[in-house]
Amino acid sequence: KILNLIFRIKGAKKAEQEVSKVDSKLVALGKNAVKVGAAFFAAKGVVTAFQSLSASSLASQQVTDLTNAMVNLGGEAGFTAESLEKFKEATDNTVSSAQLLQNTNTALVLGVAQTDDQMADLFDTAQRLGKALGVDTQFAVESLTTGLGRQSKLILDNLGITVDSTQAYKDYAKEIGVTVKNLTEQQKKTAFVNTAMRKAKEAVELLGPEQLTLKETNEQLTVALNDLGLAIGKATLPAVNFFTKGITAAIRAVTALTNATQNNRREQHEEILSYKGLSEEID
């Protein structure tokens with residue numbers, strides 16, 4: 001009825017043009033709504049699937065970045081990408097690669113170890129002390145690394161290590177033939193680290209031969225699964241990077257399409273309002 005009134009009031013040709021214009025917008029609106037809905041749910045499903053895979057790729061990228069940082073920090077001291085294998089062996093594969101590298105880089109920044117062999121020895125000592133005190137390897141490694149680097153008696157106490165820094169400085173000064181007053185800050189740190197590591201090793205020797213517990217075998221399983229994820233992430237990293245960019249572009253396109261649909265809706269509303277006031281029937 002409304003369309004017939006429009007024909008009568010505005011004339012057949014003019015009304016036909018107006019109706020066609022509105023009709024085309026309604027059709028476009030319907031098609032856009034379908035596209036938006038389909039694209040939204042498709043994108044959501046794809047993103048959910050890729051989030052799982054990209055997590056492995058991100059973890060792999062993190063390990064690569066941490067490895068590069070280790071080589072840059074300790075390259076002159078002989079640290080290489082292969083040093084990580086020494087650290088994994090020293091901790092009986094109970095600590096993830098990322099955590100080991102983080103601890104290694106912390107130790108290098110704090111000047112705790114001079115070679116990767118010393119670092120491996122430090123990690124092995126930490127693991128065994130941690131087991132004796134009922135704490136996991138990562139906590140033990142982090143405590144020993146940070147405690148030594150910051151010369152923190154409080155942190156080292158987590159592993160049952162007590163250090164008399166004053167006596168440590170005296171012993172080291174006597175060893176290198178200088179007075180305590182003439183010790184540099186680096187020499188004081190060396191004295192503290194040497195004393196703490198000596199006490200830690202003395203405690204480890206009292207523990208006897210190392211035997212892995214069920215807790216540690218479970219940690220090995222977790223690390224093995226983590227390493228598998230890293231391998232998959234490394235292999236799929238280029239593809240994940242490519243598709244992540246594609247998905248991002250697709251989501252932005254959906255957003256633009258949604259905004260365009262809103263604009264069409266406004267134009268349609270304006271078209272309807274343009275007939276207002278022509279007659280009571282149309283209103």
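Biologist: Hi! What pattern does the chain follow, read along the sequence?

Modeller: Read that way, the pattern is α-α-α-α-α-α-α-α-α-α. The chain has 10 helices and zero strands, where helices (H or I, at least four residues) and strands (E, at least two) are DSSP runs numbered from the N terminus. This is a predicted model, in which local features need pLDDT of at least 70 and side-chain atom pairs count only at pLDDT 80 or more, while totals for chains, interfaces and linings use all residues. Residues are numbered from 1 along each chain as its sequence is written, and side-chain values use heavy atoms, with hydrogens and water left out.

Biologist: Thanks! How many of the residues count as buried, in percent?

Modeller: Of 283 residues, 35% do. Buried means under 20% relative accessible area, exposed over 50%, and partly exposed in between (1.4 Å probe, protein chains only).

Biologist: Let's look at H3. Which residues are buried there?

Modeller: In helix H3, residues 83-90, the buried ones are Ser83, Leu84, Phe87, Lys88 and Ala90. They lie on the same side of H3, because they cover an arc of only 160° around the axis; the arc is that of the directions from the helix axis to the C-beta atoms.

Biologist: And what comes after H3?

Modeller: Aspartate 92 follows H3, and its phi is positive, near 55°.

Biologist: How do H3 and H5 cross?

Modeller: The axes of H3 and helix H5 (residues 116-133) come within 8 Å and cross at roughly 20°. So H3 is roughly parallel to H5. Angles under 35 degrees count as roughly parallel, over 145 as roughly antiparallel, 65 to 115 as roughly perpendicular and the rest as oblique. The axes are lines fitted to C-alpha atoms, for helices over the stretch in contact, with angles from 0 to 180 degrees between N-to-C directions.

Biologist: Which residues meet there?

Modeller: From H3, Ser83, Lys86, Phe87 and Ala90 meet Asp116, Asp117, Met119, Ala120, Phe123, Asp124 and Gln127 in H5. Contact means heavy atoms within 4.5 Å.

Biologist: New topic: where is asparagine 105, and is that residue buried or exposed?

Modeller: Asparagine 105 sits in helix H4, residues 97-110. Asparagine 105 is buried, with a relative accessible area of 9%.

Biologist: What does asparagine 105 touch?

Modeller: Leaving out residues up to four places away in sequence, asparagine 105 touches Leu66, Ala69, Met70 and Leu73.
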